[in-house]
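Me: Hey, can you walk me through this model? I'd like to go through the domains, then the ligands, then the contact between the chains.

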Amino acid sequence: MSKSIHDMGWDELVLGAAVHSFKEEIDYNPSQVLPENRDYAETNSKYKYVGDWRVFKPVWNTDLCIHCQFCWLYCPDTSILSREKKMIGFDYDHCKGCGICQEVCPTNPKSIIMFTEQTEEEEALNQWPEKKGSK
Amino acid sequence: MNSKIMELNKVEVWDGNMAATQAMRQADIDVVAAYPITPSTPVVENYATFHANGYIDGEFVMVESEHAAMSGCVGAAAAGGRVATATSSQGLALMVEVLYQASGMRLPMVLNIVNRALASPLNVNGDHSDLYLTRDSGWISLCTFSPQEVYDMNLCAFKIGEHMDVRLPVIVNQDGFLSSHTAQNIYPLQDKEACDFVGEYKPLNAMLDFSRPVTHGVQTEEDWHFEHKAKQHDALMNSTKVIAEVFAEFEKLSGRKYNFVESYKMEDAEIAIVVLGTTYESAQLAVDKMREEGIKAGVVAIRVFRPFPLKEVSDMLQNVKAVACMDRSAPGGSVGALYNEISGALFNSPARPLLSNIIYGLGGRDMTIGVLCDIYRDLDAEAKAGKLNGSIQRFVGVRGPELKYYKV
Ligand code: SF4
Ligand code: SF4
């Protein structure tokens with residue numbers, strides 16, 4: 001698919017609105033290749049911004065995180081970014097703000113906390129709660 | 001082809017349900033997901049029996065509802081398999097949501113609808129209310145008038161829907177009980193002949209093709225929905241070419257000729273009725289009786305209900321003086337569907353026959369040759385008078401005071 005879908009009329013679309021994940025046929029197992037090395041098609045949801053569905057956003061506290069990967073495992077939108085078994089941040093283009101990552105985070109206090117979408121990261125980190133049960 | 005072959009006699013005695021199942025068996029289907037409902041139950045039962053006895057290599061999936069049956073079919077078709085099922089009436093009503101998915105996702109499959117009235121009141125007998133429920137669903141819709149035709153159209157249906165220029169699901173309609181439970185002589189093809197005719201299934205954008213991962217059933221809003229529906233309609237409209245080719249190929253193989261619009265004694269007819277389903281066969285006998293009385297009657301039946309053969313049906317009615325469009329479905333506050341289609345077909349043509357709408361046979365109420373003769377006599381009187389007898393629409397065969405609507 002060399003032509004952009006935005007330049008296509010009805011006659012040029014893939015029938016049935018079937019959406020191919022990659023530009024070409026692949027001869028590798030995608031689960032063995034990092035996303036940044038996959039040749040995604042233009043119509044792949046990777047390029048579809050849906051971050052504006054979110055009301056609350058997750059904020060990550062790097063000082064507290066133990067890189068247990070629970071959040072990565074449980075996120076229903078694969079929006080926890082992780083490399084070499086270390087959490088590196090969120091994919092805010094696709095995160096829906098469901099709060100599951102906060103819920104499953106085992107540290108005390110939590111290493112992920114949900115804040116309203118407009119809260120600045122620094123402001124959020126300044127408001128981080130104390131360890132429960134301390135003092 | 002299935003590994004176990006069934007030797008068939010030159011002539012078999014099958015009812016419409018068995019005719020459908022035998023064609024399905026021969027078509028070497030990968031997945032049948034089905035839920036039984038009267039009067040199409042035997043299609044599913046027969047298929048399960050063939051499967052249990054080793055005559056079917058594909059999968060037979062028993063599901064918990066018709067919605068699940070059609071969903072299973074959609075999944076299996078998207079995965080890249082040949083798929084079919086059967087249903088009737090309320091079962092079809094439950095399937096409707098998924099019918100639109102199947103056609104919109106451009107997944108070829110065959111659905112046998114054994115036509116039955118829609119409740120309420122609950123009724124298991126034949127009328128065309130379920131057929132009409134599928135009108136705008138984007139499926140190709142073929143009509144049959146006898147068990148032989150059920151068999152023939154099933155084989156054609158796979159070949160039409162799966163053609164690379166079509167890729168659409170196909171419905172094969174037959175009248176509940178009048179066709180589905182009426183055993184008649186059938187001239188089947190042998191397994192190999194039938195299987196070769198239907199041909200090897202060619203998957204397209206199959207989910208099981210791991211070299212080309214694909215998502216089916218996506219969301220498109222105002223940005224792309226219109227284009228996809230346009231493309232779908234275009235495929236449905238242009239499927240006429242493939243339908244004609246498949247009918248021609250089938251004729252070569254079987255000697256049986258099918259047309260988009262079937263007709264009897266229309267060459268010199270002065271009055272005509274337009275029907276669907278088994279009424280076509282009864283009407284032919286009524287036409288012969290009328291001809292003995294000196295009335296030049298004819299009958300027209302729609303074979304390919306979708307895509308609608310607007311031009312063909314209009315051409316056929318150019319020389320008649322009066323036409324009754326016979327709808328076997330409660331019209332729900334308007335003229336019947338056939339009346340709408342036929343008047344639409346004629347409006348841009350020179351012909352201006354008197355056009356009336358008869359509602360008949362609801363819930364399996366018999367349409368006899370005698371009543372058909374009465375309808376022809378009334379049409380003849382209208383043609384001679386040069387005007388309709390008081391109204392466009394009337395109910396025929398209902399007890400109680402006369403029911404007429406849209407006075408003229
Ligand atoms: S809020 Fe929900 S979607 Fe967003 S990263 Fe956390 S788990 Fe994933
Ligand atoms: S669940 Fe909490 S501790 Fe574990 S990786 Fe995610 S943020 Fe870090």
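Me: How is chain B divided into domains?

Reply: This is a predicted model, to start with. Chain B has domain 1 at 3–254 and domain 2 at 262–407.

Me: And how many Å apart are the C-alpha centres of those two domains of chain B?

Reply: They lie 29 Å apart. The contact involves 31 residues of domain 1 of chain B and 24 residues of domain 2 of chain B.

Me: What area is buried between domain 1 and domain 2 of chain B?

Reply: About 2,200 Å², with carbon and sulfur atoms giving 61% of that. On the domain 1 side of chain B, the residues losing the most area to domain 2 are Tyr132(B), Arg135(B) and Phe145(B), and together they make up 35% of what that side buries.

Me: Which side chains form a salt bridge there?

Reply: Arg303(B) and Glu149(B), at 2.7 Å from N to O. The count between the two domains of chain B is one salt bridge, and there are eleven residue pairs in polar contact, both residues at pLDDT 80 or more.

Me: Which elements of domain 1 of chain B supply at least two residues to the side touching domain 2?

Reply: In chain B those are α5 (129–133), β6 (140–143), α6 (147–162) and α8 (225–254). The largest share of that side, six residues, comes from α8(B). By class, the domain 1 side of chain B has 14 nonpolar, twelve polar and five charged residues.

Me: OK, switching to chain A. How is chain A divided?

Reply: Domain 1 of chain A is 1–48 and domain 2 of chain A is 49–128. Their C-alpha centres are 28 Å apart.

Me: How many residues are in contact between those two?

Reply: Seven from domain 1 of chain A and five from domain 2 of chain A. The buried area there is about 370 Å², and carbon and sulfur atoms give 43% of it.

Me: What does Glu36(A) form a salt bridge with?

Reply: With Arg83(A), where the closest N and O atoms are 2.7 Å apart. One salt bridge is found across that interface in chain A, and five residue pairs are in polar contact, both at pLDDT 80 or more. The side of domain 1 of chain A touching domain 2 splits into three nonpolar, one polar and three charged residues.

Me: Now the ligands. Which residues come nearest to ligand 1?

Reply: Cys75(A), Cys95(A), Cys98(A), Gly99(A) and Cys101(A), out of 14 residues around ligand 1. That shell has ten nonpolar, three polar and one charged.

Me: And which are closest to ligand 2?

Reply: Cys65(A), Cys68(A), Gln69(A), Cys71(A) and Cys105(A), with 14 residues surrounding ligand 2. Its shell has ten nonpolar, four polar and no charged residues.

Me: Last topic: what area is buried between chain B and chain A?

Reply: About 1,900 Å², with carbon and sulfur atoms giving 61%. In chain B, Arg212(B), Trp224(B) and Lys231(B) lose the most area to chain A, together 33% of what that side buries.

Me: Which elements of chain B give two or more residues to the side touching chain A?

Reply: β9 (214–215) and α8 of chain B. The largest share, five residues, comes from α8(B). By class, the chain B side has eight nonpolar, six polar and six charged residues.

Note on methods:
Residues numbered from 1 in each chain as written. Chains lettered and ligands numbered in written order. Predicted model: local features only at pLDDT ≥ 70, side-chain atom pairs only at ≥ 80, totals over all residues. Heavy atoms only, no water. Domains from an automatic or database assignment. Contact = heavy atoms within 4.5 Å. Buried area = accessible area lost by both parts, 1.4 Å probe. Salt bridge = Lys/Arg side-chain N within 4 Å of Asp/Glu carboxyl O. Polar contact = N/O pair within 3.5 Å; in protein donor to acceptor, adjacent residues only side chain to side chain. Nonpolar A, V, L, I, M, F, W, Y, C, P; charged D, E, K, R; others polar. Helix = DSSP H or I, 4+ residues; strand = E, 2+ residues; numbered from the N terminus. Near = heavy atom within 4 Å.
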